[in-house]
Amino acid sequence: MEEKQVTTTDEKQVLEAAATASAVRPFSESQPTIEDTANLKSDGSDEEEEEDLYRPLIMDPSIPHEENPLTVRAVVVGCILGSLVCASNLYLGLKTGFTFSANMFGAIFGYGVLKLLTRSAGHLPVLGGLFGPQENSIVQAAATGAGGTGGIFVAGIPAMYRLGVMGEGHSPRDDIGAIFTITLVTSFIGIFYVTPLRRFFIIQVARELKLMFPTPTAVALTIRSMHAGAAGSVDAIKKLKCLAICFIGALVHRVGSYYAVGILYDWHVFTWIHIWSGYTSWAMNIESWGWYMEWTPAFIGSGILIGLNPAISMFAGSVIAWAIIGPALVHYGECIGIDVSGGDPKWNGYYTFSSLSHLGKQTPSPRYWLLWPGVMVMVCSSMAELFVQYRAIWSGLKSVWNQSCAGINSMLVARGKSSAFFAKHGSNEIKDENIVEDPFPPEQQVKTWMWALGLLVTLVVAMIIFHFQWSTHPGLTILAVLLAFLFSFLAIQIGAVTDTTPLTAASKASQLIFGGATSHSGYTIQQAQKINIVAGALASGGADMATALVSDFRTGFLVGTSPIKQWIAQSIGSFCSVWLGPGLFVLFTSAYPCIWQPDQSDDAHCPFLVPSVSAWAAVAQAVTDPNVSIPLKSGIFAIVMGVVSIIQVLVRHFFLVGEREKWRSWLPNWGAIALSWVIPAPVFANAALLGAIIAALWRKYNMRTWDIYGYAVAAGFIAGEGLGGVVGAILTLAGVDGGTKGSMIACPADSC
């Protein structure tokens with residue numbers, strides 16, 4: 001999975017974003033402050049003392065005790081809702097490289113479904129009974145697990161087909177068995193190895209490192225608000241109705257737009273000017289660089305979530321890449337484009353500059369040239385964030401060791417035996433007066449034998465599967481797992497502060513490392529490329545699932561749900577996605593062969609840009625094929641920009657502190673800038689900026705309605721368009737899609 005969407009970039013914005021999720025607080029007409037957020041009480045009243053968001057939330061005292069929130073109905077509903085998000089993520093990921101978490105969608109929709117079951121089913125043993133905030137958190141945990149395996153299907157797996165390493169004539173349908181098994185490994189390896197880090201990230205270093213976990217915190221506050229008595233129930237119904245309307249509206253809009261893309265979805269303004277001006281070429285030159293407006297509910301929704309700083313950074317990056325650097329490279333002959341006018345003089349001047357084929361055999365495209373600065377900035381900025389927290393990494397490793405020793409010692413004691421070594425090291429927990437006591441007793445924790453045995457079995461299965469199905473040496477498989485573990489520190493720590501999971505950096509760093517590990521080892525180019533991509537998928541997939549589980553642990557910690565129950569719920573959801581993800585991937589690749597077929601990879605009319613797929617394939621080629629090289633000037637520019645991004649990280653952490661910390665919000669978001677260099681079109685940055693502006697104005701002028709509807713609108717838009725994409729794939733397979741039954745009016749070269 002490439003990138004998880006962002007919400008905020010510093011602690012104040014994090015707290016503000018979390019506050020907006022709670023609709024029971026006193027409403028104001030201005031942006032909430034840190035004090036407003038921390039003063040939230042479960043009944044909506046203010047306290048004199050700030051509420052500590054590093055401790056469990058103060059819940060409504062009238063809520064009855066939930067004996068066992070891990071119910072069949074909660075898990076089933078969560079898996080169904082997560083499946084919708086999984087389908088949505090596959091569509092959105094192939095289209096843009098972005099995927100989204102199912103936690104907020106699952107929390108709000110889950111509330112509505114279970115409330116309905118509670119009222120209609122009465123006291124039936126499975127469907128009826130008490131429904132409270134802890135069971136609500138189980139729904140979102142199962143939804144997160146079921147919606148979280150799309151990453152390898154929007155990046156690594158189709159990249160292998162594009163490189164031709166899966167065998168001549170092979171299609172995803174032919175390799176469904178191997179795809180199932182790699183999905184199984186990547187889904188569970190991260191869950192098992194990150195489990196012992198729950199206490200470390202959620203309790204031991206959360207306050208010190210300001211690990212606020214913006215979205216999980218917002219989900220917890222939303223759950224609390226929806227269960228806060230009669231007032232909370234009223235606002236919850238409003239959220240639910242809003243989410244449902246936006247979800248259905250976005251779905252209908254996306255399906256309907258297939259039949260009139262140039263009118264309902266893509267507004268190619270410069271194509272219109274080209275037509276109105278008598279087919280002059282200057283407007284088509286601008287059109288060729290992707291400057292048009294796409295009315296995509298998903299990315300307008302994502303803009304509502306991410307805030308102005310990341311949205312402006314992404315848009316600025318698009319301007320730099322696709323309005324300044326790219327045209328300059330073509331003008332001076334450093335890069336070339338491909339004529340896609342079809343020989344029709346009416347469309348003279350229409351080019352595509354996103355080709356990634358024939359690398360090493362012709363002058364590269366601007367997309368390939370800009371790919372390396374984008375990857376370098378992602379890796380450098382993310383790694384710099386990781387290394388400035390070296391103490392936290394060391395503490396985390398010690399925490400895993402101590403908990404493992406404690407678990408082993410407990411098992412020995414239970415059998416009437418003892419070990420001075422394990423007893424000594426198992427008691428060396430981190431001690432700090434600011435550390436919050438874990439509210440859950442040992443019997444509510446995930447047992448050491450559960451995650452340790454699961455990790456051992458998964459590791460052995462991974463070595464067997466990767467050896468026989470993917471031609472990967474067991475030693476390289478272990479290396480990939482170790483990298484996944486390391487990248488999990490990076491992903492969790494950065495995601496907990498910024499709400500951005502830097503999986504692109506993790507995957508590219510893994511590919512670079514494996515490029516060196518497989519060089520001069522006797523592998524053919526195709527074998528090396530297969531190993532490179534499979535290892536990258538394992539590393540980034542493991543980090544992704546690990547981040548999702550820790551996020552769920554954060555939500556459960558705040559609302560009082562025991563870790564073992566959330567762990568089970570997310571594991572069940574993940575198991576569901578193991579079967580759903582490959583099936584959806586086969587559906588999309590059958591409907592749109594341009595996703596995976598090498599001879600169609602540069603089809604300018606393919607509805608999927610597949611930016612992540614192309615980036616993975618290009619990196620694999622560059623580190624394994626001696627005939628494919630990085631352009632010298634691109635490499636120099638990449639190094640310079642990488643250094644600049646590292647300097648900003650250092651300035652942020654060591655200079656902008658104390659009174660100067662307020663200036664952090666003015667720093668550009670280099671992750672967002674780098675993404676805009678990798679995605680070969682600025683259209684998504686345009687839509688995200690529009691959404692961010694709408695959200696900023698909404699919060700400024702009507703905070704009351706924003707508090708109730710803001711997250712619901714965004715979640716509904718994102719999931720609705722994604723499911724509309726699945727419907728579009730089904731329509732294509734049925735032969736009644738927009739390409740055969742619709743109109744391409746107002747589209748460049750009569751095709752959108």
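A residue is called buried when its relative accessible area is under 20%.

**Figure 1. Overview of the predicted model of the protein chain.** By that cut-off, 61% of the 752 residues of the protein chain count as buried. The secondary structure comes to 30 helices and seven strands. Among contacts between residues at least 6 apart in sequence, 82% join residues at least 24 apart. The chain has an accessible surface of about 28000 Å², and carbon and sulfur atoms account for 65% of that area.

Figure 2. Glu721 is buried but has no salt bridge. Its nearest side chain of opposite charge belongs to Arg254, 4.6 Å away. The side chain of Glu721 instead has a polar contact of 2.7 Å with the side chain of Thr296. It also reaches the backbone nitrogen of Ala298, again at 2.7 Å. Beyond its neighbours within four places in sequence, Glu721 is in contact with Tyr91, Lys95, Ala250, Leu251, Arg254, Tyr265, Thr296, Pro297 and Ala298.

**Figure 3. Salt bridge between Arg73 and Glu135.** The structure holds two salt bridges, and this view shows the one in which the side chains of Arg73 and Glu135 meet at 2.7 Å, N to O. Arg73 lies in helix α3 (residues 72-96) and Glu135 in helix α5 (residues 133-146), so the pair ties together parts that are 62 residues apart in sequence. Both partners fall under the cut-off for burial: Arg73 has 4% relative accessibility and Glu135 has 2%.

**Figure 4. Salt bridge between Glu334 and Lys633.** The closest N and O atoms of this pair are 3.0 Å apart. Glu334 sits in the loop between α16 and β5 (338-339), while Lys633 belongs to helix α26 (residues 632-654), so the bridge ties together parts that are 299 residues apart in sequence. Glu334 is partly exposed, with a relative accessible area of 31%.

**Figure 5. Nonpolar surface patch involving helices α16 and α28.** Leu308, Ile312, Ile693, Leu697 and Tyr701 make up the patch, which covers about 480 Å². Helices α16 (308-331) and α28 (683-701) each supply at least two of its residues. The largest share, three residues, comes from α28. Leu697 is found in this helix and is partly exposed, with a relative accessible area of 46%.

**Figure 6. Positive phi values at Ser471 and Asp750.** Ser471 is a residue other than glycine with a positive phi, near 55°. Its place is in the loop between α20 (448-470) and α21 (474-498). With 42% relative accessibility, Ser471 counts as partly exposed. Asp750, likewise not a glycine, has a phi near 60°. Asp750 is located in the segment after α30 (738-741). Its relative accessible area is 48%, and Asp750 is therefore partly exposed.

Key: Residues are numbered from 1 along each chain as its sequence is written. This is a predicted model: local features need pLDDT of at least 70, side-chain atom pairs count only at pLDDT 80 or more; totals for chains, interfaces and linings use all residues. Side-chain values use heavy atoms; hydrogens and water are left out. Buried means under 20% relative accessible area, exposed over 50%, partly exposed in between (1.4 Å probe, protein chains only). Lys and Arg count as positive and Asp and Glu as negative; His and the chain ends are not counted. A salt bridge is a side-chain nitrogen of Lys or Arg within 4 Å of a carboxyl oxygen of Asp or Glu. A polar contact is a pair of N or O atoms within 3.5 Å; within protein, one must be able to donate a hydrogen and the other to accept it, and residues adjacent in sequence count only if both atoms are side-chain atoms. Contact means heavy atoms within 4.5 Å. Patches are made of residues with over 30% relative accessible area and no salt bridge: like charges are joined within 9 Å, nonpolar side chains (Val, Leu, Ile, Met, Phe, Trp, Tyr) within 5 Å. Accessible areas come from the Shrake-Rupley method with a 1.4 Å probe; for residues, only the protein chains shown count as cover. Helices (H or I, at least four residues) and strands (E, at least two) are DSSP runs, numbered from the N terminus.
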